[in-house]
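Trainee: I have a new model to read. Please walk me through some of its features.

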Amino acid sequence: MVKPKEVLALVGRIKEVLSEKKAEDVVALDLTKVSEALDYFVIATAQSLPHLQALESHLEERLREFSLEPRPREKSPRWVVLDYGEVVVHLMSREARAFYDLEGFWADAERV
């Protein structure tokens, strides 16, 4: 569990780590003012299934350096959800991202 003061730093770190592996359209949403149950989403697009798997592995490896492990994950060939408590990471194929449109669903959330 991440301390509240460190959550924004974690969001920034996740964005950096995903960019290292060429994730596309990395967006972070602050859901604290629009949801009672959720804090932050980081959403990124993978170019292919191998790229999706590489993003997932790289992020887990780099966050493990800070003793952070995701809760049991949800994953499919088009979408991986890594739950780090206050920050939930969605790694998606282009098709899944367009279909589920999380940014549209959470349009009232502030981008960070």
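Mentor: Start with a loop. Asp 108 lies in the loop between α4 (102–105) and β6 (110–111). Helices (H or I, at least four residues) and strands (E, at least two) are DSSP runs, numbered from the N terminus. This is a predicted model: local features need pLDDT of at least 70, side-chain atom pairs count only at pLDDT 80 or more, and totals for chains, interfaces and linings use all residues. Residues are numbered from 1 along each chain as its sequence is written, and side-chain values use heavy atoms, with hydrogens and water left out.

Trainee: Is Asp 108 buried or exposed?

Mentor: Buried means under 20% relative accessible area, exposed over 50%, partly exposed in between (1.4 Å probe, protein chains only). Asp 108 has 71% relative accessibility, so Asp 108 counts as exposed.

Trainee: Why does Glu 60 count as buried?

Mentor: Because its relative accessibility is 10%. Glu 60 sits in helix α2 (residues 49–64).

Trainee: Which residues does Glu 60 touch, leaving out those up to four places away in sequence?

Mentor: Contact means heavy atoms within 4.5 Å. Glu 60 touches Pro 70, Arg 73, Leu 82 and Tyr 84.

Trainee: How is a pair of aromatic rings described?

Mentor: By the distance of the centres and the angle of the planes. Rings of Phe, Tyr and Trp (its six-membered ring) pair if their centres lie within 6.5 Å; planes under 30 degrees apart count as stacked, over 60 as edge-to-face and the rest as tilted. The count here comes to four aromatic pairs. One of them, Trp 79 with Tyr 100, is tilted, at 4.6 Å centre to centre and 45° between the planes.
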